[in-house]
Amino acid sequence: MPSLKDLKNRIASVKATQKITKAMKMVAAAKLRRAQEAAEAARPYSQRMSAVLANIAQAVGQDDSAPRLMTGTGKDQVHLLVVCTAERGLCGGFNSQIARLARDHTRKLLAAGKTVKIICVGKKGFDILRRDFASLIIDRIELRDVKKIGFENADQIGRKVIALFEKGEFDVCTLFYSEFKSVIAQVPTALQLVPASAPAAVEQVEGATAIYDYEPDAAAILGDLIPRNISVQIFRALLENVAGEMGAKMSAMDNATRNAGEMINKLTLSYNRQRQAQITKELIEIISGAEAL
Amino acid sequence: MATEFNFELVSPEQLLVSGRVSEVVIPASEGEMTVMANHAPAMTTIKPGVVTVKAADGKTDRYVVFGGFADILPTGCTLLAESAVHVDDFKSADIARRIDAARAELEKASGDEQRFGLESYLAELTTLQGIVVPA
């Protein structure tokens, strides 16, 4: 049975923890709003990009002039996985969910006799995947010092991927990130980057595909567009990740605050009970002392 | 005949302009081009340069863009820029940084084609620097 003083100390410490988790929750909520805004601001670009891409891919068709980034190398022996996770923990199962998806995927590929290479974006994913596949990780990118993720950060990763592809280091590239559905739901997702899965042709209201005037020419534009599209996809993934991380952190911290509250209630109850017991005990001692006289 | 059309300037980070305009000058890769209403459908890549937007009410705005492409239809024009800022918000340090980065890349470049691409990119950047940075 802990003494009264012990209980008092426990209550004080849980209260302090509760204050911290509450503050973290509020910080996460503020950051979440900003992250959501950033994700929304980026949406028009990626939407138009895929519309244009579908359009132009139709015009170029699948002939030999299509860039290799789109058609692929024709093999699927070497797989590159780009795993995007958060830089920090304390956000529930957010990081481990993404890592688990990537791990299952890797196991499946390895079992099928493929070669797997992994690029980790974000510290937490690296920490988790290092345990199982330390030898497969060829690169890691930390965005810890980046306050606000800009297109340039994504572009750097995109360039790295393209450079690897041009050197023939891999055949298929898959991006792992967490799609932001809502504050409480983040769905880990795998997206194939290379060869680019041609976006479903969007219904063209104008039906103007045939008479488009391309400058310089369709193939050249496509060659310019596809690398850019990879960066855009990575950028979108990073933004969704930030929003998802903040959402997960918010609900994790909300839970923690609530748990701390419950714990304080329980501790206060046993503290009061014990205090009462002590008072009763003292009273009995005094009364029985008086009776004995 | 309509004299105005929809114009949108989008960068990956945000939607900068969206509205009715009467005239847009785009630094296309094959030379500057002016887009007006009922332009024939065209698609072009753009080089680093200045986009001049003349809004329907006659107000003129200028934006600095770094690469991207434009999708032109008779009813509207969408400019997807890799990076775009309003001329007033433009910082000369930004372009200097890009020039340095391009130079560094040029030194490492191997193939002729890559070297040629980088050199012309560098030339475009330097020209742009001459235009937007007051001497």
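Let's start with confidence: chain B has a mean pLDDT of 84, with 96% of its residues at 70 or more, where pLDDT is the predictor's confidence in each residue on a scale from 0 to 100. This is a predicted model, in which local features need pLDDT of at least 70 and side-chain atom pairs count only at pLDDT 80 or more, while totals for chains, interfaces and linings use all residues. Residues are numbered from 1 along each chain as its sequence is written, and chains are lettered from A and ligands numbered from 1 in the order in which they are written. Within chain B, confidence is highest in strand 1 (residues 5-10), at a mean of 90, and lowest in helix 2 (residues 112-132), at 78. For the model, the scores are ipTM 0.77 and pTM 0.84.

Now walk along chain B. Its secondary structure consists of 9 strands and 2 helices; here helices (H or I, at least four residues) and strands (E, at least two) are DSSP runs, numbered from the N terminus. Starting at the N terminus, the order is β-β-β-β-β-β-β-β-β-α-α. The radius of gyration of chain B is 16 Å, close to the 14 Å that the globule rule gives for 135 residues, so chain B is as compact as a globular protein of that length. That radius is taken over C-alpha atoms, and the rule is 2.2 Å times the number of residues to the power 0.38. Along the principal axes, the C-alpha atoms of chain B fill a box of roughly 50 × 30 × 25 Å.

Of the 135 residues in chain B, 31% count as buried, meaning that 20 or more other C-beta atoms lie within 10 Å of the residue's own; 12 or fewer make a residue exposed, and anything in between partly exposed, with C-beta atoms placed from the backbone. Contacts are pairs of residues whose C-beta atoms, placed in that way, lie within 7 Å. Among chain B contacts between residues at least 6 apart in sequence, 49% join residues at least 24 apart.

How is chain B divided into domains? The assignment gives domain 1 (5-87) and domain 2 (92-132), with bounds that come from an automatic or database domain assignment. Taken over C-alpha atoms, the centres of these two domains of chain B are 23 Å apart. Their contact takes 7 residues from domain 1 and 6 residues from domain 2. On the domain 1 side, 5 residues are nonpolar, 1 is polar and 1 is charged. In this scheme Ala, Val, Leu, Ile, Met, Phe, Trp, Tyr, Cys and Pro count as nonpolar, Asp, Glu, Lys and Arg as charged, and the others, Gly among them, as polar.

Next, look across to chain A. The contact between the chains takes 22 residues from chain B and 24 residues from chain A. On the chain B side, strand 2 (15-28), strand 4, strand 7 (68-73) and strand 8 (76-81) each give two or more residues, and strand 4 gives the most, with 4 residues. By class, the chain B side has 11 nonpolar, 7 polar and 4 charged residues. Strand 4 of chain B also runs parallel to strand 6 (residues 213-215) of chain A, joined to it by 3 bridges; strands pair if DSSP finds at least two bridges between them.

Finally, two backbone details. Most residues other than glycine have a negative phi. B:Asn38, though not a glycine, has a positive phi of about 65 degrees. B:Asn38 sits in the loop between strand 3 (31-35) and strand 4 (42-46) of chain B, and counts as exposed because it has 12 C-beta neighbours inside 10 Å. A:Leu90, also not a glycine, has a positive phi of about 55 degrees.

Key:
Contact = placed C-beta atoms within 7 Å.
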